[in-house]
Amino acid sequence: MSLAAAESYPDELQYHSEHDWARIEGDEATLGITWFAQDALGELVHYEAPEEGAEISKGSSYGEVESVKAVSDVIAPLSGVIVEVNAKVVGEPETVNEDPYGEGWLVRIRLSDASEADDLMDAAAYKSFVDEQ
Amino acid sequence: MKLIYERSQEGRRASSLPPNDLPVPEIPEELRRDRPPRLPELAEPELVRHFTKISTRTFGIDTGFYPLGSCTMKHNPRVNERVVNLPGFRDLHPLQEEEGSQGALELMWRLQEILAEVAGLPAVSLQPAAGSQGELTGLMLMRAYFADRGEAETRRKIVIPDTAHGTNPASVTMGGYEVTPVKTDPRGNIDVEDLRTKVDEGTAGLMLTNPSTLGLFDESIEQITRIFHEAGALMYYDGANLNAVCGISRPGDMGFDIVHFNLHKTFSQPHGGGGPGGGPIAVRERLEPFLPVPAIVRDGEEAFRLDYDRPKTIGKVRGFCGPFGVFVRSYAYIRAYGPGLREMSEVAVLNANYMLARLKDAYELPFDRLCMHEFVLSARGLKREHGITALDVAKRLMDYDFHPPTIYFPLVVPEALMIEPTETEAKETLDEFVDAMLEIARDAAERPELLKEAPHNRPVGRVDEVKAAKRAVVRYLFEDHPDLSKEPASGRELEVQKGA
Amino acid sequence: MSFLSLTERDREEMLATIGVDSIEELFRDIPEGVRFDRELDLEPALSEQEIVAHLEELAAKNVDTGRELSFLGAGIYDHYVPAVVDTVLSRGELLTAYTPYQPEMSQGVLQAIFEYQTAVCELTGMDVSNASGYDGTTVAADACYVAKHVTGRSRVVVAETLNPQVRQVVKTYAPGFGLEVVEVPHRGGVTDPDELAAAARDAACVIFQQPNFFGCLEPAPDLAAAANDAGALPVAHVDPVSLGVLEAPGAYGCALAIGEGQAAGNYQSYGGPHYGFMAARSDYVRRMPGRIVGETTDVEGRRAYVLTLQTREQHIRREKATSNITTNQTLLALAGLVHLSWLGPQGLKEQGETCMALAAYAKERLDLPLAFPDQTTFKEFAIRVGRPAEDAIRAAREQGVHPGYALKRDYAGMEDALLVCVTEKRTRSDIDRLAEMLAA
């Protein structure tokens with residue numbers, strides 16, 4: 001039995017209103033979906049990942065995650081080029097439910113426009129955003 | 001219960017075929033099958049028992065009340081099964097010459113005439129195999145119509161309300177169009193102000209179910225028609241809910257240009273565990289040239305023929321003339337009512353309103369109006385107060401030997417329960433169901449575990465859909481077949497099922 | 001006659017509970033302007049007995065295969081349907097259930113679909129089958145939609161020997177899918193693999209039929225290889241009755257196997273309802289259209305069946321769905337399962353062999369020029385009758401024999417060609433009678 005994570009929105013991440021997070025490190029960023037998103041979907045059964053080397057653009061879909069009752073586009077919080085897809089999540093999608101900000105990351109990208117991060121929310125802003133949902 | 005493959009014994013069989021003493025021609029080696037398909041091997045007694053058991057583990061309208069919203073689960077008259085099995089229909093080859101199939105052609109022609117009258121539109125094609133295919137055919141007609149007017153490139157958008165069945169947007173994409181969603185207003189009608197901002201010279205048409213999936217007749221229908229026709233766009237009527245308005249209000253008179261019928265809903269083709277259906281369409285004169293071929297026409301008083309000479313036709317959407325056996329049943333059904341089809345719809349609406357009146361204090365009613373042939377309740381209150389969901393209510397209804405209603409649809413209503421009794425049920429049945437629903441609402445407060453653990457009397461309890469999706473065991477694998485009972489259950493709460 | 005249960009008293013009580021005075025009042029939300037203000041102009045209601053009499057009269061105007069010795073095939077076949085099929089299909093629970101959305105209520109039909117999927121996979125050598133498509137034409141259009149999404153390409157190739165109705169339906173669907181359709185002509189009754197290879201470049205899929213519309217055996221493994229080499233999905237349109245003797249499409253590299261199921265367990269019924277089947281390699285499971293049943297367990301760990309991978313479908317994925325199909329052909333597919341279970345592997349093989357043997361006997365006995373003399377055929381073959389085919393048909397029908405299908409309806413230059421079909425229901429003396437007719 002997989003254990004669902006408890007609700008949290010780590011301070012060191014930045015958030016997009018489509019319930020995606022970004023961890024920016026230099027000119028790269030790791031992306032994933034938030035606790036709120038995985039909770040709304042339920043246990044994930046499939047991750048349709050992008051190809052490595054693909055270009056993704058902020059606000060557009062770069063992949064899909066599925067539970068048995070819903071399918072959701074994964075929206076890029078930032079633009080860039082995919083440098084790595086999380087193979088663990090491809091094989092065991094429920095990893096996202098267990099650890100959405102750690103082992104359950106979805107892709108790593110090389111940023112094409114670092115200034116885009118200025119529009120993202122910090123943890124406090126995102127938390128009050130989800131409270132209104 | 002064992003799978004039929006698990007009952008098999010090598011060398012056993014049910015079939016006997018006439019002996020062949022003629023030489024069998026040689027098949028070239030690379031085309032010849034060496035490894036036989038592992039089909040079941042049973043003698044007839046075991047074969048009959050297996051499928052009898054399969055049937056007893058299936059709940060149909062014949063078993064009990066089946067108020068599956070939007071699916072119109074009405075009684076299927078037995079006389080229809082008798083007539084569809086007449087050899088003149090059952091054993092008729094579809095490529096038989098026209099003079100050898102006059103009875104079939106006449107029946108189809110008569111059905112076309114009837115459907116035209118019910119729709120209030122002059123031209124009919126019976127060909128589409130089901131409602132979804134009727135939708136797609138309608139979109140193909142729009143495309144051909146606008147291409148003929150030189151507007152195919154500019155008119156790209158189809159407007160669909162947020163209450164629509166999923167088939168509507170899926171059909172739009174398959175038809176090469178784009179979806180423009182429109183909102184629902186607080187009375188459950190299309191939000192006309194939102195609509196005005198979305199219809200322009202780039203709009204090809206509207207797809208609308210009326211009454212809607214909320215079971216409500218759109219009070220703004222005349223305004224909506226005006227908006228589309230003034231923009232030069234077409235109106236498509238999804239006939240999923242036509243059972244509410246036969247002889248009461250006709251789609252053609254509402255302003256629709258294309259209509260599909262669901263013969264398996266309104267006109268009682270048995271649902272067959274998922275199908276077959278029938279999805280004929282009726283259209284206005286200006287769309288007739290584009291209808292699928294062949295058209296079924298009458299030459300003079302007595303002779304009927306297939307007409308392929310339609311230069312502007314979209315082509316064919318299915319083999320031959322469509323699902324003929326479905327036409328036989330639906331034709332027989334309609335002939336039983338005649339003009340009394342109106343009473344059929346009236347009673348469907350009466351039954352639904354009666355149940356609604358008895359249930360609306362125990363469950364939330366998102367739109368407090370009279371309903372048409374079905375209504376949508378919400379279990380939102382039960383969820384908030386007792387943690388009981390629409391799914392729990394549905395599962396508990398099984399303990400009373402009722403098939404649950406459609407749940408979690410339409411999407412605009414949280415914890416939706418969509419109930420469609422149909423006209424054929426007795427008042428006592430409606431009362432028993434209502435009493436069960438009321439008791440469930442009380443139990444939600446007093447004995448919630450009873451609902452959470454339901455159903456209690458079925459061959460299986462709630463099933464692990466996550467495991468099904470992850471393991472994707474979609475056929476029997478013989479000696480390699482996994483024993484899923486030895487694998488751990490998935491972590492989350494077992495998931496929801498939807499209808500429609 | 002009507003099928004209503006309410007008495008006058010019921011109606012009055014119910015209206016009172018609702019709080020309205022009349023049924024008309026229930027329709028007050030319908031605007032005046034769109035209310036229908038007259039009676040439907042339909043013929044008066046009939047009693048059950050009158051309905052039977054009326055439909056018997058219509059049925060009697062048809063010449064069915066019980067009244068005429070028929071050699072018509074061309075996609076719909078007069079094979080024997082065993083009594084057990086009728087028995088199972090008349091079970092009210094199966095007849096009157098709908099799509100098994102609630103698995104606890106529907107384990108029977110779910111298990112039957114799972115068994116059907118298994119049978120289709122066994123016949124075709126594939127990994128996954130859906131619960132059925134509408135018929136043998138629409139599953140070809142479905143295959144094109146799968147191929148478009150898998151390959152990202154926008155052209156489909158169909159062999160000219162593919163059933164003309166199937167090609168017509170593919171062409172009708174193609175514009176909406178954004179697909180162009182290219183046909184590869186036949187050479188002496190079959191498709192040339194080199195020609196197909198050239199056409200398959202940049203194509204999403206290649207659809208061919210085995211045995212083809214003329215009854216001839218295509219060089220199917222070579223055609224599949226030609227498609228695979230070009231990166232196009234090979235799609236085989238197959239006759240289930242042939243798959244006891246002919247190789248399974250999965251064994252020669254096809255991506256998808258599709259077909260018309262009628263020949264296995266359905267009556268001719270003037271063209272429908274029947275079932276289309278569609279099976280695929282597991283790579284394409286997430287692109288499959290339609291219902292799929294999967295095995296799982298319930299809360300107690302007991303084996304259970306449920307509709308699965310539903311995120312492909314229209315009710316969840318809406319405009320991005322793999323298909324719009326909802327109502328399918330489950331009851332007819334169930335008939336297919338029962339029929340194939342009745343036959344078993346040995347029965348299916350015998351049936352195929354009997355058809356081939358009788359057809360070979362007919363070829364010899366008719367003693368007319370074959371349209372494609374170099375080809376091996378299955379249960380159908382094309383002959384030249386030396387006069388317009390419709391004349392031969394008319395003359396034979398006057399004597400109570402339908403000799404076959406006029407190929408000129410679909411193929412230029414075949415004015416005198418007749419496609420003759422011989423199933424296991426025809427006997428040697430039936431064939432002798434046909435020979436007399438065509439010799440006359």
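Me: Where does Pro455(B) sit in chain B?
Reply: Pro455(B) is in the loop between helix 15 (448–452) and helix 16 (465–471) of chain B. Helices here are DSSP runs of H or I with at least four residues, strands are runs of E with at least two, and both are numbered from the N terminus. As for the model, it is predicted, so local features need pLDDT of at least 70 and side-chain atom pairs count only at pLDDT 80 or more, while totals for chains, interfaces and linings use all residues. Residues are numbered from 1 along each chain as its sequence is written, and chains are lettered from A and ligands numbered from 1 in the order in which they are written.

Me: Thanks! What kind of peptide bond joins Ala454(B) and Pro455(B)?
Reply: A cis one, with omega about 0 degrees.

Me: And what about Phe409(B) and Pro410(B), what joins them?
Reply: A cis peptide bond too, where omega is about 0 degrees. Pro410(B) belongs to the loop between strand 11 (406–407) and strand 12 (416–419) of chain B.

Me: New topic: what is phi of Ser70(B) near?
Reply: It is near 80 degrees, which is positive in a residue other than glycine. Ser70(B) lies in the loop between helix 1 (44–56) and helix 2 (78–84) of chain B.

Me: Is Ser70(B) buried or exposed?
Reply: Buried, because 24 other C-beta atoms lie within 10 Å. The cut-offs, with C-beta atoms placed from the backbone, are 20 or more others within 10 Å for buried, 12 or fewer for exposed, and in between for partly exposed.

Me: What about phi of Leu309(C)?
Reply: Phi there is near 50 degrees, a positive value in a non-glycine residue. Leu309(C) is in the loop between strand 10 (303–307) and helix 10 (314–317) of chain C, and Leu309(C) counts as buried because it has 24 C-beta neighbours inside 10 Å.
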